[in-house]
Structure formats: structure tokens, C-alpha cells
Amino acid sequence: FLLTMFTFITWVIGIFIVVKFLHKRPLLSLITPQKSIKWKTVLWGFILFFGLLIPVTIVEYILGPSDFRFNFNLYSFLIFLPFILILIPIQTTTEELVFRGYFLQGTGLLIRNFLILAIVNGIAFMLIHLGNPEISGGVLMMIYYAFVGLFLAFITLKSGSMELAIGVHAAFNLFYSLILGYSNAAFSTPSIFIKGSMDPLYTLISIIVVSVLFYLIVFKYKSNLLK
């Protein structure tokens, strides 16, 4: 786990060097055009998305309880917990800096269509995850990763900054590191529950439902979350 997470620290260093010394821009400019990060937006994005993952996981359990196993071991959980809470947000924020920051802004110089720009970002996000063992689920899992990337790009473009995407991505990975793990996941953590493998169809449907609900709550009903 530590070795896997360490690679993202080198990503951060690399992107900082490129942005700072090649483009002569502050790293903050990848996240927001404002003078500071809106941490309230990051937090609300995290809480809302984390909360929305709970009911779809309950439904998944109801549909196939035999696939779930109670995996909680207090000692292992507490040993891993500080590393997970520190390193997972570093990993997810790094991916956001690369994809919804650097790559999205770069492709935005060539592509002006809002939806096409998000789709291109989603495809790029899917390609970088092709080595993950979850991809063994086939085309549906590839579409799943592409959709996740598309959604994160879409809310970044819609809000005009990256705070929501940072919160959402951290919530997503922390949920599946602490609450529900999969035996065929890219890395293994002592999560409270573990499931043999991802159901590609349910996984795709559930992320679409959660993403639509998140979008409606944030952009249609609770726009003050972005302030």
C-alpha cells in the first residue's frame, strides 16, 4: 500500500516542477482561478458524495448478501487508518491535479465544446486505469472508469474550479478503502467489509445514479454549497 501511494508523491513533485518552472504558474492555478482554495466546497463535496455511496452499497448488499464478508479487525484497521487518511487524499488530489487540472486546462485550449472536453477527459482517465485488476470486468468497467473521469471533469467545468472534484474523488477512494473493499481492487486495505469482486453492471449503474443525484443537489437545489 505504501509503495503504491508513494508513486503519487512523485507525481506531485513532477507536476509542481512542470507548472512552476516550465509554465511559470502557481500550482494553485490548476485548482482555482481564485486566490485561495474554498475548503468548505471541498468538504461539502466529500460529505455529500460519501453519504450518497452508503445507500447504493446497502442496496448492493440486499441484492447479494452472500458476496459480502465482515472483515473488521481493530488492530489492522487502526494501524492502517492514519496512512489511509493521509495518503489516499494525496493520491486522489494528485490525480485531480493531473487530469482535472493540467490535462483539462491543456485540452481546453484546443477543445471548446463543454461536453466533448469532459468526454476526452473521461477517456484519458479510463486509459490510465487499464492496468487495474478491476478492468478484468470487461467493457462495462472501462465505461465505468470513463464515466467517473467524465463526471469529475464535468463538475469541474460546471463549477469553474476543482474543489468539488477533489472532495468527491477523496470520498470515493476513502469509502472503498475504509468501508467496503474488493478482493480484486488495485490495492488492498483492511476495510470493514469486503466483497469478492465488483459487479460491473451494478457498479456502473450505481455510479451514474450517485453522480446524477450529486449534480442535482449541488447545482440545482443547493447552489450555496459552491459559495
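Reader: Is the crossing in which H6 passes H7 left-handed or right-handed?

Author: In this predicted model, the axes of H6 and H7 come within 13 Å and cross at roughly 145 degrees. As H6 passes H7, the crossing is right-handed.

Reader: Which residues in H7 do Leu164, Val168 and Phe172 in H6 meet?

Author: The residues that form the contact of H6 with H7 divide into seven nonpolar, no polar and no charged. On the H6 side they are Leu164, Val168 and Phe172, and their partners in H7 are Ile207, Phe214, Val218 and Phe219.

Reader: Which elements give two or more residues to the lining of the largest cavity?

Author: The count comes to two cavities of 30 Å³ or more, and the largest has a volume of about 110 Å³. Among the 13 residues that line this largest cavity, the closest to its centre are Tyr144, Tyr176, Tyr182, Thr203 and Ser206. The elements that give two or more residues to this lining are helix H2 (39-63), helix H6 (163-178) and helix H7 (200-221).

Reader: How many nonpolar, polar and charged residues does the lining of the second largest cavity have?

Author: The second largest cavity, which holds about 50 Å³ of space, is lined by Phe49, Val148, Phe151, Leu152, Val168, His169, Phe172, Ile207 and Ser211. Helix H5 (139-159), H6 and H7 each supply at least two residues of this lining. While the lining of the largest cavity has nine nonpolar, three polar and one charged residues, that of the second largest cavity divides into seven nonpolar, two polar and no charged.

Conventions:
Residues are numbered from 1 along each chain as its sequence is written. This is a predicted model: local features need pLDDT of at least 70, side-chain atom pairs count only at pLDDT 80 or more; totals for chains, interfaces and linings use all residues. Side-chain values use heavy atoms; hydrogens and water are left out. On a 1 Å grid over the protein atoms alone, a cavity is a set of points where a 1.4 Å probe fits but cannot get out, and a pocket is an open set with protein on both sides within 12 Å along at least five of seven lines; lining residues have an atom within 4 Å of a point. Grid points are joined across faces, edges and corners, and a volume is the space filled by probe spheres set on the points. Helices (H or I, at least four residues) and strands (E, at least two) are DSSP runs, numbered from the N terminus. Ala, Val, Leu, Ile, Met, Phe, Trp, Tyr, Cys and Pro count as nonpolar, Asp, Glu, Lys and Arg as charged, and the others, Gly among them, as polar. Axes are lines fitted to C-alpha atoms, for helices over the stretch in contact, and angles run from 0 to 180 degrees between N-to-C directions. A crossing is left-handed if the near helix is turned anticlockwise from the far one by less than a right angle, and right-handed if clockwise. Contact means heavy atoms within 4.5 Å.
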